Amino acid sequence: MKIQYLVLAALLAIAPGAQSKSKKQDNAVSPLEKGLATINRQAAEAHIEFLADDNLLGREASTREGRIASNYIRSYFKSLGLGPWDGEDYFQNFAAYRKERQKRARYTVHPDSIAVLEKEVHQKLPLRNVLACIEGERPEEFVIIRAHFDHLGIDPMLDGDQIYNGADDNASGVAAVLQIAKAFKESGKKPLRTVIFALWDGEEKGLLGSEHFMLS
């Protein structure tokens, strides 16, 4: 139900005319109703079960399992018929930097900070976001619907289960974004503004989505 409310809010905010009723036959279905009809618990659970499965070892950023998660997201966007955010590639590859481990500091993607770090011993973390879009009637205006897909990975020092599966943080958020993307696509109505569906990498490394969505 929470996902349905989220989809409803997104559809109403981005395509404000979609919910208004025009003169139509009684059996006609509005774009909003078509979109909402695609939202269901089974689909949400399927996304969460895959992403939070033990085989993905907690989806830590820059790991093989994190790449599998991003490949899953890209494949789902493709299955919906959504295009890449830039018309070329669903992946947005980038790297985050920080000081060496003994000099504790958070990762950064800011060019000025990176230029300084590259002059000394530093760590480099290769990452990639996954982005798709639906072009709106006003393509120069856009709305971003986003969530991060990485989590904490594993902790070999834990006694017992060593995997941080991350069902709530944030496989559930990814599932919501994917269902919203499907709702927009299945509605059959072009949104007022371009909608970008963005799943970002590196949240658990201290990066925020707003820091590295370089959309220019």
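Close-up 1. Helices (H or I, at least four residues) and strands (E, at least two) are DSSP runs, numbered from the N terminus. The model is predicted, with local features requiring pLDDT of at least 70 and side-chain atom pairs counting only at pLDDT 80 or more, while totals for chains, interfaces and linings use all residues. Residues are numbered from 1 along each chain as its sequence is written, and side-chain values use heavy atoms, with hydrogens and water left out. E49 is exposed, its relative accessible area being 55%, where exposed means over 50%, buried under 20%, and partly exposed in between (1.4 Å probe, protein chains only). Together with D53, D54 and D161, E49 forms a negative surface patch. Patches consist of residues with over 30% relative accessible area and no salt bridge, like charges being joined within 9 Å and nonpolar side chains (Val, Leu, Ile, Met, Phe, Trp, Tyr) within 5 Å. Asp and Glu count as negative, Lys and Arg as positive, and His and the chain ends are not counted; the place of a charge is taken as CG of Asp, CD of Glu, NZ of Lys or CZ of Arg.

**Close-up 2. A salt bridge between E45 and R41 in helix 3**. The closest N and O atoms of E45 and R41 are 2.7 Å apart, a salt bridge being a side-chain nitrogen of Lys or Arg within 4 Å of a carboxyl oxygen of Asp or Glu. By this rule the count comes to six salt bridges. Because E45 and R41 are four residues apart in helix 3 (residues 41-51), about one helical turn separates them. R41 is exposed at 63% relative accessible area, whereas E45, at 33%, is partly exposed.

**Close-up 3. A salt bridge between E141 and R193**. The closest N and O atoms of this pair lie 3.1 Å apart. E141 belongs to strand 4 (residues 138-148) and R193 to strand 7 (residues 193-200), so the pair ties together parts that are 52 residues apart in sequence. E141 is partly exposed at 28% relative accessibility, and R193 is partly exposed at 24%. Through salt bridges that share partners, R138, E141 and R193 are joined into one network.

**Close-up 4. D155 in the loop between strand 5 (153-154) and strand 6 (163-164)**. With a relative accessibility of 23%, D155 counts as partly exposed. Leaving aside neighbours within four places in sequence, D155 is in contact with Q162 and Y164, contact meaning heavy atoms within 4.5 Å. The C-alpha atoms of D155 and L57 are separated by 9.9 Å, although these residues are 98 residues apart along the chain.

Key
Accessible areas come from the Shrake-Rupley method with a 1.4 Å probe; for residues, only the protein chains shown count as cover.
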